[in-house]
Every structure is written in structure tokens, then in C-alpha cells.
Amino acid sequence: MTTTAHTAAPLSHLSVLISGASVAGPALALWLARHGARVTVLEKAPALREGGFAVDFRGRVHRTVLERMGIWEEVCRHRTHMGRQTLVDVDDREKVDLPAFLMSGDVEISRTDLSRIMYERTKDHVEYVFGDSVAELRQGSGGVDVAFERGAPRRFDLVVGADGLHSHTRRLVLGDASRHLRHLGYYVAGFAMPNVAGLRRSARMCSVPGRMIAVSNHDGSPERGGAFLVFRSGELAYDRHDLAERKAILAERFADVPWTYAPHVLEALDALEDADDLYFDAIAQVHVDRLSVGRVVLLGDAGYGATMGGMGTGTALVCAYVLAGELAVARGDHATAFAAYEAEVREYTRGCQKISGNAGPFLAPPTERRIRSRDRAYRMLSSRFLAGFFKRLTERAADGIALKEYPGYGAGAVSAVPSLNRQA
Ligand SMILES: Cc1cc2nc3c(=O)[nH]c(=O)nc-3n(C[C@H](O)[C@H](O)[C@H](O)COP(=O)(O)OP(=O)(O)OC[C@H]3O[C@@H](n4cnc5c(N)ncnc54)[C@H](O)[C@@H]3O)c2cc1C
């Protein structure tokens with residue numbers, strides 16, 4: 001292992017509230033606890049959230065960060081080993097086999113497993129509070145006074161918004177959500193369904209103009225499968241927390257299935273009725289002028305999210321490493337650390353967001369002609385002749401940061417902060 005370039009800077013004098021316990025939140029908690037900070041992770045859901053599909057890591061930088069976190073081997077143990085992902089036509093005839101790295105990177109893991117790995121690594125050293133949310137933040141010179149929806153008010157030195165694309169923290173410090181969320185003209189949904197297509201670590205994806213439906217199996221089980229739907233649409237007004245409303249939108253958009261691939265599609269739509277794990281969101285990007293305001297800073301999707309195709313998970317882990325590292329180097333001086341964090345990650349996150357703009361049009365091209373040209377292009381790029389070049393192209397954004405060597409990385413356990421767990 002390489003040597004550290006900076007002097008270790010314990011953060012034992014620092015208390016930090018992180019809002020959001022999915023990927024970015026627990027990743028930062030792992031680092032801050034390792035640097036000795038007292039960390040509280042707040043999650044609105046009543047327990048660690050399950051659901052969604054697989055997320056992936058690609059290239060050298062993602063792997064280096066996972067290794068420095070000490071979770072690379074465990075992530076690999078839980079990898080999906082996803083194989084063939086095939087574009088089929090409406091009669092279920094195969095058109096193009098996409099190489100595994102395109103959709104699944106070097107290592108693919110279910111988001112739930114990744115979140116759980118980081119939670120398990122931190123739960124004895126970090127205070128997790130479930131079922132609550134920040135109601136109000138008031139910043140003063142010596143800290144941030146936080147009022148909660150349910151719990152008693154508390155004061156923290158720093159607050160981190162790792163609460164996703166629709167970040168509540170971002171709204172509290174930067175105002176109106178619509179200014180920061182850029183809709184890219186598509187919606188995406190994923191949910192579990194029986195493995196009716198008899199797939200094994202593979203997927204079949206069928207596009208008609210403006211819509212795509214895929215059925216898949218990620219874990220090799222004969223029973224469990226997943227459905228993944230994408231449709232083209234302007235921004236929709238709906239209640240994001242209303243499961244029935246989200247299901248109704250999907251059912252309506254996919255009601256008139258024009259494909260004879262229908263057995264799988266109809267099964268997927270049947271499964272939708274019973275799904276309680278529905279992931280449904282706009283394909284959108286977050287653009288903010290600044291990532292911090294005083295003692296509050298944004299991390300992960302909250303600051304530079306891209307829903308899909310922009311490697312949001314890898315980016316969140318890389319940026320958590322940078323944020324914690326800069327805080328350690330600055331010995332908790334947040335003004336210095338936040339400015340350095342922003343300078344380090346700004347171009348990187350922009351580069352990753354840029355490629356995410358292609359996800360919707362790739363999965364559900366708007367016209368038959370565009371579907372045909374997509375198929376032609378990917379047939380060519382997936383050929384053995386061009387596959388290496390294609391792989392490097394997909395890794396370029398993920399590798400687009402020169403990682404600094406901060407103190408405290410390695411496979412070691414987090415520092416011996418006493419266990420503080422409680423449920424709200
Ligand atoms: C349930 C779920 C399923 C997903 N499925 C996929 C997928 O299949 N494929 C994919 O590419 N990406 C998926 N994502 C997104 C992916 O996790 C992120 O793009 C990426 O990992 C960056 O993570 P993040 O932690 O910044 O944001 P997110 O993963 O979005 O996590 C944000 C967390 O903050 C919590 N939160 C929200 N509001 C508040 C609040 N007011 N107070 C406290 N906590 C709050 C949320 O419940 C969530 O746990 C999913 C996210 C979630 C939450």
C-alpha cells in the first residue's frame with residue numbers, strides 16, 4: 001500500500017449530522033468515524049431502505065476507493081456476476097448482445113447489499129436514527145442548531161445532506177428544488193417480479209418508441225427476477241410518496257403494450273400491482289452553484305445526482321472519500337475543507353453527469369429510426385474488434401479524478417467510538 005501524503009488529523013472534536021442512510025451517507029460515516037468524529041446518520045425511512053436494482057463500479061478510481069474503505073472484497077463477494085444483456089425486438093427475437101461491462105461495470109452489486117455492507121461496518125461506531133427528518137437548520141458561528149420532525153433539537157458542528165436527488169437539506173439551504181433539478185425527459189422504474197422468463201444472471205430489454213421494458217435475473221435464482229421500465233415524458237406532477245399513484249402512472253404508460261413479447265410484459269405489469277419495493281423516479285440531474293453553505297454541505301445525489309447512467313453510486317463513494325479526507329487534512333476547519341472538496345470534485349462530477357444524459361435516449365429512443373440506429377451502433381461497438389475501446393470510453397468519466405492520498409485509509413476498522421445506536 002502507498003504511504004499517506006498528509007499528516008493524520010483526528011476529528012475527535014467534531015460532531016457531524018449526516019442526513020440520508022443509503023450510499024453516500026454511510027460511506028461518509030465510515031470515513032468520519034475512522035477519523036474520530038462523532039457521527040449521527042439520520043434516515044427518514046423507518047429502517048435501512050431496501051429496493052432498487054443493481055449499482056455498479058467501473059475503472060481504477062472506484063476500485064481504489066473501495067479498497068481504501070476496506071470493503072472491496074466484501075463487495076466482490078456480493079457481486080451479481082451479471083452476464084448477457086440482450087436487446088430484443090417486440091417478437092422477443094435477439095438483436096444485440098450488450099457486453100456485461102456496459103450495463104454492469106466491472107463489479108455489480110445490489111444497492112441494498114452495498115448499503116447494508118456500509119451500515120454493518122459503521123453501526124457500532126456511528127449513531128443511526130431512523131424514521132426522522134430535519135425540520136429546520138439554524139446556523140450560528142459555533143455550530144448548527146437542528147430541529148427534527150420527531151426527535152428533540154440538537155446542535156452539531158457540521159451537517160451533511162446525503163439525502164438524494166430530491167434532497168431536503170438542499171432545499172433548506174439553497175431554496176426552491178425546481179431551480180436545481182433538471183428533468184431529462186424520461187422516468188425510470190424498477191421492482192421485483194417472478195423470474196418468469198427463466199433468466200439466469202441475464203436480461204432481455206425491449207424498446208418501442210419512447211418506452212423500454214426489461215426483465216432480468218441478477219442473482220442466479222430460478223425464482224427471483226426483476227422488471228425495469230423506462231418511459232419518455234415531460235415532467236409529471238405526482239406525489240412521490242404515494243405508491244398507488246406511481247403504480248397507476250406506470251400501468252397507464254405501459255397499458256397498450258404493442259409488443260408480442262407480451263407474456264413477459266404482462267407478467268411484469270401484474271407484478272407491479274403487488275410490488276411494495278417500487279423504485280420510481282425521473283431521470284434528472286442536480287445542478288447547484290455551490291455545494292456548501294456555511295457549516296452545511298451536500299454529498300452524493302443531493303449535490304450532483306444524475307438518477308442513472310452517471311455512475312451516481314461510484315461518484316458518491318469517491319466524493320465521500322474526498323470530503324472526509326479534506327476535513328481530516330484541515331483538522332475540521334469546515335470552510336477550508338468544503339472549499340477544497342468542491343474544487344476537487346466539481347469537474348469530476350460534471351464529467352459523470354454529462355454521460356448520464358444519454359441513458360434515457362439509449363434505453364427508450366423516441367422513434368423507430370432512432371431505435372434502429374442505436375442497435376446498429378451498439379452492434380458495432382460490442383464487436384470483439386471495438387470492445388476494448390468501448391470499455392475505455394465508458395471508464396473515462398469514472399476515472400476522471402486524480403485521487404489524493406488522505407490519512408486513515410486501509411482495511412482497518414473504524415476508530416473506537418462507543419456504540420450509540422438508537423431507533424427514533
Ligand atoms: C430505494 C432506492 C433505490 C435505488 N435504486 C437504484 C437503482 O436501482 N439503480 C441506480 O442506479 N440507482 C438507484 N438508486 C439511487 C442510488 O442509490 C444513488 O444514485 C447513488 O447511490 C447515490 O446515493 P445517495 O446516497 O447520494 O442517494 P440515495 O441513494 O438516493 O439515498 C438518499 C437517502 O436519503 C434518504 N432521505 C431522503 N430524504 C430524507 C430526509 N428528509 N431525511 C433523512 N433521510 C432522507 C432516502 O430515504 C435515502 O435513503 C436508488 C436509491 C434509493 C433510495
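The following legends describe close-up views of a predicted model.

Residues are numbered from 1 along each chain as its sequence is written, and side-chain values use heavy atoms, with hydrogens and water left out. Because the model is predicted, local features need pLDDT of at least 70 and side-chain atom pairs count only at pLDDT 80 or more, whereas totals for chains, interfaces and linings use all residues.

View 1. D281 lies in strand β16, residues 279-286; helices (H or I, at least four residues) and strands (E, at least two) are DSSP runs, numbered from the N terminus. D281 is buried yet has no salt bridge, and the nearest side chain of opposite charge, R240, is 5.6 Å away. Here buried means under 20% relative accessible area, exposed over 50%, and partly exposed in between, with a 1.4 Å probe and protein chains only. A salt bridge is a side-chain nitrogen of Lys or Arg within 4 Å of a carboxyl oxygen of Asp or Glu. For charge, Lys and Arg count as positive and Asp and Glu as negative, while His and the chain ends are not counted. The side chain of D281 does make a polar contact with that of H166, at 2.8 Å. A polar contact is a pair of N or O atoms within 3.5 Å; within protein, one must be able to donate a hydrogen and the other to accept it, and residues adjacent in sequence count only if both atoms are side-chain atoms.

**View 2. The hairpin of β8 and β9.** Strands β8 (residues 134-140) and β9 (residues 143-148) run antiparallel and are joined by six bridges; two strands pair if DSSP finds at least two bridges between them. A hairpin of two residues connects β8 to β9. Within this pairing, E136 stands opposite A147 of β9.

**View 3. V159 in strand β11.** V159 belongs to strand β11, residues 158-161, and counts as buried because its relative accessibility is 1%. Leaving aside residues up to four places away in sequence, V159 touches L17, L137, V144, V146, R295, V296 and V297, where contact means heavy atoms within 4.5 Å.

**View 4. The largest nonpolar core.** A nonpolar core is a set of buried Ala, Val, Leu, Ile, Met, Phe, Trp, Tyr and Cys residues joined through side-chain atoms within 4.5 Å. The largest one has 96 residues, of which I18, L32, L299 and Y341 touch the most other members. Helix α10 (residues 312-329) supplies the largest share of this core, ten residues. Another core, of 21 residues, lies apart from it and includes Y186, M205, M212 and V230.

**View 5. The salt bridge of R204 and D92.** The structure holds 24 salt bridges. In one of them the side chains of R204 and D92 meet at 3.1 Å, N to O. This pair links distant parts of the chain, 112 residues apart: R204 is in strand β13 (residues 202-208), and D92 is in the loop between β4 (85-88) and β5 (94-98). R204 counts as buried because its relative accessibility is 14%, whereas D92 is partly exposed, at 26%.

**View 6. The salt bridge of K123 and E120.** The side chains of K123 and E120 meet in a salt bridge of 3.2 Å, N to O. K123 is partly exposed, with a relative accessible area of 23%, and E120 is partly exposed, at 41%. Elsewhere, salt bridges that share partners join R84, D92, E94, D97 and R204 into one network.
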